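Subject: Handover of a protein model

Dear colleague,

Please find the model below, followed by an account of what was found in it. I would be grateful if you would read the two together.

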Amino acid sequence: MVQGADYANAARAMMFAVGCIQAQRCHTNTCPTGVTTQDPRRARALDVRDKTQRVQRFQEATVASALQIMASMGVTDPAELRPHMLRRRVDPLTERSYEELYEWLEPGQLLAGPPASWAADWKAADPDRFTV
């Protein structure tokens, strides 16, 4: 949550709770567990009552764990989380906070243009292609 919603990767774990076995056939409409199919015969494999309870228990446990971690950090609300609270090991002997490692933007800052450190990447960005 400190990193932001865009970085909180929780979909895979939730898919496991629903019953996904990572068959990697989602796009073929042949999901063997019925999770990602529109085929009525295959969809019968998905026991909605059972999976509903599993997903609910998983989500409740996830929230409880997040609250426990936040409490250990001395905060009671996600809005209190700050970049200095997240640490990253940068070599075997050194760790730094995300506040030290990254440039943080103020709300609305990009409306006026990118910061100088982003200029080259900003200029190279193209909405019609994605390359690394």
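Helices (H or I, at least four residues) and strands (E, at least two) are taken here as DSSP runs, numbered from the N terminus. The model is a predicted one, in which local features need pLDDT of at least 70 and side-chain atom pairs count only at pLDDT 80 or more, while totals for chains, interfaces and linings use all residues. Residues are numbered from 1 along each chain as its sequence is written, and side-chain values use heavy atoms, with hydrogens and water left out.

Overall form

The protein has five helices and two strands, in the order α-α-α-β-β-α-α along the sequence. Its radius of gyration, taken over C-alpha atoms, is 21 Å, whereas a compact globule of 132 residues would have a value near 14 Å; the globule rule is 2.2 Å times the number of residues to the power 0.38. Along the principal axes, the C-alpha atoms fill a box of roughly 55 × 45 × 35 Å.

The protein exposes about 10,700 Å², of which carbon and sulfur atoms supply 55%; accessible areas come from the Shrake-Rupley method with a 1.4 Å probe, and for residues only the protein chains shown count as cover. Of the 132 residues, 14% count as buried. Buried means under 20% relative accessible area, exposed means over 50%, and partly exposed lies in between (1.4 Å probe, protein chains only). Contact means heavy atoms within 4.5 Å. Among contacts between residues at least 6 apart in sequence, 23% join residues at least 24 apart.

The strand pair

Strand S1 (residues 87–91) and strand S2 (residues 94–97) run antiparallel and are joined by four bridges; two strands pair if DSSP finds at least two bridges between them. S1 and S2 form a hairpin, with two residues between them. Arg89 has Glu95 in S2 as its bridge partner.

The loops on either side of H2

The loop between helix H1 (11–18) and helix H2 (40–43) holds Thr33. Thr33 counts as buried because its relative accessibility is 16%. Apart from neighbours within four places in sequence, Thr33 is in contact with Gly19, Cys20, Ile21, Ala45 and Leu46.

Leu46 itself lies in the loop between H2 and helix H3 (48–72). With 23% relative accessibility, Leu46 counts as partly exposed. Its contacts, again leaving aside neighbours within four places in sequence, are Val18, Thr33, Gly34, Val35 and Lys51. The C-alpha atoms of Leu46 and Gly34 are separated by 5.1 Å, although these residues are twelve apart along the chain.

The relative accessible area of Asn29 is 34%, so Asn29 is partly exposed.

The loop between H4 and H5

Leu110 is placed in the loop between helix H4 (98–101) and helix H5 (119–124). Leu110 counts as partly exposed, at 34% relative accessibility. Not counting residues up to four places away in sequence, Leu110 touches Leu105, Pro115, Trp118 and Trp122.

A colleague
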